[in-house]
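Hello,

Here is the structure I promised to pass on to you. Please open it beside this email, and then read on for what turned up in it.

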Amino acid sequence: MSVNGEEEASYIDYDTFLDPDFKPSSFANTLVLATNNPTDTPLDLSTPLSKVLFDAQEIDSHIHHLTTRSAIPLLTHTKEQTDASKRIISEIDSQVKSLNESYKQLEKEVIQKHAEADEVRLVASRLWETLKLGRSVGRCLQLGRQLEVQHAEISSGTGSSKKEDHRALVRCAHTILSLREITENRGPGKEGYGLEKVEAIRSLQDQVVGPIERSIKAFSEQIIREFSIGSASGTATFAQSEEAKTRTISAAMALYLMSPTMGVKPDKWTPQFLVQALEVYLRNALQSSTSSLARSLATLPSLDRTLAEVSARCQNVIALEIILQATKAPPHPLLPVPEQTPEKNNLLQPLLNYLETGSLASYFWRSMASGLAARVQEIVNRGGVSARTLKTNRNAVGEAIRECVVRGSQPPSTVAPTKGRGAKGDPEGGGGWDREVAVMVGSVVNNLGR
């Protein structure tokens, strides 16, 4: 610390107190150790305390001396600072007053007008949202009316003059997809934003779209379920086959398009409604064939008629396979266009992928054989005349089943096989069904015992 000659005689170590690392506890400990031995008991604290008091009195005296000697310069400096502050304040007051007046003018010309403009902007924005919502509602209602007209076209007239336009199923499906495209895009800025709050749209969904969609789905599933080109008594005419073919294609396309897409990744999407309807058709054919054949094996006189029915069912399955394979899958409006078109882009491939098979006929015979083996075993275990007759005629039964498989694996004459199928409908082009014959014959003959 810099001091005058008189002050240099002071014994106080100002550098110690001015050190940034000064700690009162460390300083007090140093004083106590300087006036006592560490082993003294008790310690003498009066001496270090007196030193501290003397130091404080010395500093107080020094402060009093400095203020007394420098009173006039301090007061002069204070007066100068006060006068300068008054001059600055007077100047600032005029500037603040001018700034306040400028702010009031700015508030009047800009802020108030901006607030008014913001209100206009808010009104215009809400009007625009209302207009967009009104357009969406109008389009939905128009599509709903169009859907009602198309649904009425499916079955028009009454009594004997009643006509059916199965192609209207596909038109209805496209209209339903147009409605879904609006109603399922509910994000902010999307066309369907806010539609769920409109009473007219909720009524449209509950009273028009929902019932018609269920009706179209049920009617399409019924067409698939009742598909038949021939029967045990004979094959349908060419005109009847063509009618059944076009009805089936329309129903399959409608189910393909109406299958749900929301919440499914495009690369993982499958036509769920179509696959389910086709699976039900196959399951019904398999259950009917297995049950009737099991009953006929217990009463052999009815076996020939039953085998003819089974072969006719398999021919229907093959005809359905040919029709679906020849029908190209339509582009789905709600799914993005794939970068590469699949090699087998038809209505059959999703079902084959689901069943993990390469041919519906092969799946039919193999599934029926797996279910038939247990039925034959039941007949044998029950014993009696039925079991003995079946064992006695095992060769004739095996030959009849072989002929049934070969006959049933050939497509009906009114349905042309698609390119790439073998002469007998074998998807591998070999034209033979030896494996299916062996599986079917083995499911019966191999379970008869000796």
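Glu 199 and Arg 202 form a salt bridge, with their closest N and O atoms 2.5 Å apart. (A salt bridge here is a side-chain nitrogen of Lys or Arg within 4 Å of a carboxyl oxygen of Asp or Glu.) Both residues belong to helix H6 (residues 199-225), and because they are 3 residues apart there, about one helical turn separates them. Helices (H or I, at least four residues) and strands (E, at least two) are DSSP runs, numbered from the N terminus. Arg 202 is partly exposed, at 35% relative accessibility. For that scale, buried means under 20% relative accessible area, exposed over 50%, and partly exposed in between (1.4 Å probe, protein chains only).

Before going further, please note that this is a predicted model, in which local features need pLDDT of at least 70 and side-chain atom pairs count only at pLDDT 80 or more, while totals for chains, interfaces and linings use all residues. Residues are numbered from 1 along each chain as its sequence is written, and side-chain values use heavy atoms, with hydrogens and water left out.

Back to the salt bridges: the structure has 14 of them. What does the pair Arg 366 and Glu 436 tie together? Arg 366 meets Glu 436 with closest N and O atoms 3.5 Å apart. Arg 366 sits in helix H11 (residues 360-382) and Glu 436 in helix H14 (residues 434-445), so this pair links parts that are 70 residues apart in sequence. Arg 366 is partly exposed at 37%, whereas Glu 436 is buried, with a relative accessible area of 4%. Elsewhere, salt bridges that share partners join Glu 153, Asp 165 and Arg 171 into one network.

The axes of H11 and helix H12 (residues 384-392) come within 7 Å and cross at roughly 120°. These axes are lines fitted to C-alpha atoms, for helices over the stretch in contact, and the angles run from 0 to 180 degrees between N-to-C directions. On the H11 side, the contact (heavy atoms within 4.5 Å) is made by Ile 379, Val 380 and Arg 382, and on the H12 side by Gly 384, Ser 386, Ala 387, Leu 390 and Lys 391.

Most residues other than glycine have a negative phi. Glu 356 has a positive phi of about 55° although it is not a glycine. Glu 356 is also exposed, with a relative accessible area of 73%.

And the cysteines? There are 0 disulfides in the structure, a disulfide being a pair of cysteine sulfur atoms within 2.5 Å. For Cys 404, the nearest cysteine sulfur is that of Cys 314, 7.9 Å away. Cys 404 is buried at 2%, and Cys 172 is buried as well, at 0%.

Finally, the overall picture. The protein chain has 14 helices and 4 strands, and buried residues make up 34% of its 450 residues. Among its contacts between residues at least 6 apart in sequence, 70% join residues at least 24 apart.

Best wishes
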